Amino acid sequence: LNIYMSIDVTTINWAEDAARELKAHVYTTLKLPPDLGKRVQQLYGDAERAFDDRASRRQLRVPEDDRDDLDARNGFIDDRKREWLELHTSIPADFGGPVDAPPATRLLECACAVEHAFRALCQQVLEVLARSSPPLAALVAEEARSPLPPPGARESSRGFAESMLRVYRYDSSFRQREGEGHYDMGLLTLIPRSTSPGLQINELGDRGRAPWVAVEKEMGEGEAVLFGGMTLSRILQLSTPDASQRLGHAPVFLRLPALRSPPRVSSDGSSWRRDSADPPRAAASAERRPPATPADRHAADRHAADGLAHALLHRVCVDDARGRLSACYFHRPSPHCHIGSETVLNFNARARAAHDDELSSDGAVSLSPRDARDFERR
């Protein structure tokens, strides 16, 4: 019996429920509308056919000069053990020539439809979070005053210009190094269930001690996982009284709590998870969880007290001979917008220049002065 229920996005108050889950549990899972779930499956099929088609790959390929333009590039990119389509729909795509191969045109059409739907879902959750955070409300208002996307862009809505969709195909041998994981930049990340479970999350934000949980193994057809990025966490931290101290030049590194127990398997082979909305079941599942360590209890108390949506540490590990197809939507603010007194552009540059151990789930970026980097020029 799986007692954890995904949030159905067709219900009236789903965005409020999702925002509450992000604050309490770092991530949540959503049940997509049936038509959108089918569209995601179509996207995976269209990507498979386009990636296998030589003409489509050639027409969609990102020009070599644009590969390093991480916030604006559009098109197909291949790496040693993975390849993907990347779309920034608020920015006109220049493929260097006509795109008329049928697999390529079908993929672009489907990807843009999925991106538009995911953008709308993330925007609803963001607006709910902004109700209790004046700094986030200020950013949302600043985005609303942004100019419309330029002619040729596939997105017509204002703001959040660096939002993007990626459709990945991983080789069956793709592995991230043991213990490696990362936080996403941006506000929210929405990832529908892939063709093969590979997404692993670490709720504690502890690469060494905390277990990695294969979250997709308990997700159903038509479901997606939603979690926050470093930009969102940093903005929400600005709402707290001691924000100036914790987000200054020497930020405190907060770690994520173990508020939701990892998925386990009962004697009948079914999975279960704690459901705080159901006290009797929650108590029963609590009996099966391993006892929390003092450090875990301290982290949980600290997180519950701040009531903020922390960034989620996660990674991908493929264990399927057929490989893996996955889609990821990243809801990101425009570079000219502000996080307090800092622009998004500057925050992104600092985050990209940082090493993994200089990033924190609360959005803090602590660059060591002994290791000078050229983030100002990025």
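## Helices α6 and α10

Helix α6 (residues 230-237) and helix α10 (residues 344-353) pack at about 120°, their axes 11 Å apart, and are therefore oblique to each other. Angles under 35 degrees count as roughly parallel, over 145 as roughly antiparallel, 65 to 115 as roughly perpendicular and the rest as oblique. This is a predicted model, in which local features need pLDDT of at least 70 and side-chain atom pairs count only at pLDDT 80 or more, while totals for chains, interfaces and linings use all residues. Residues are numbered from 1 along each chain as its sequence is written, and side-chain values use heavy atoms, with hydrogens and water left out.

In this pair, Met230, Thr231 and Arg234 of α6 meet Phe347, Asn348 and Arg350 of α10, where contact means heavy atoms within 4.5 Å. By class, the contact of α6 with α10 has two nonpolar, two polar and two charged residues.

Among the buried residues of α6 are Arg234 and Gln237.

Helix α5 (residues 134-144) packs with α6 at an angle of about 125°, with axes 7 Å apart, and that makes α5 oblique to α6. Here Pro135, Leu136 and Leu139 of α5 meet Leu232, Ile235 and Leu236 of α6, and the residues of this contact divide into six nonpolar, no polar and no charged.

## Helices α1 and α4

The axes of helix α1 (residues 14-25) and α4 come within 9 Å and cross at roughly 70°, which makes α1 roughly perpendicular to α4. The contact includes Trp14, Ala18 and Leu22 of α1, together with Leu121, Val125 and Leu129 of α4, and its residues divide into nine nonpolar, one polar and two charged.

## Nonpolar cores

A nonpolar core is a set of buried Ala, Val, Leu, Ile, Met, Phe, Trp, Tyr and Cys residues joined through side-chain atoms within 4.5 Å. In the largest such core, of 69 residues, those touching the most other members are Trp14, Leu85, Phe118, Val125, Leu190, Leu226 and Leu232, and helix α4 (residues 102-130) gives the most to this core, with 15 residues.

Leaving aside neighbours within four places in sequence, Phe118 is in contact with Leu32, Leu36, Val40, Leu190, Pro192 and Tyr329. A second, separate core of 22 residues includes Val62, Trp84, Phe174 and Phe227.

Technical notes
Axes fitted to C-alpha atoms, helices over the stretch in contact; angles between N-to-C directions. Helix = DSSP H or I, 4+ residues; strand = E, 2+ residues; numbered from the N terminus. Nonpolar A, V, L, I, M, F, W, Y, C, P; charged D, E, K, R; others polar. Buried < 20%, exposed > 50% of the residue type's maximum accessible area, 1.4 Å probe, protein only.
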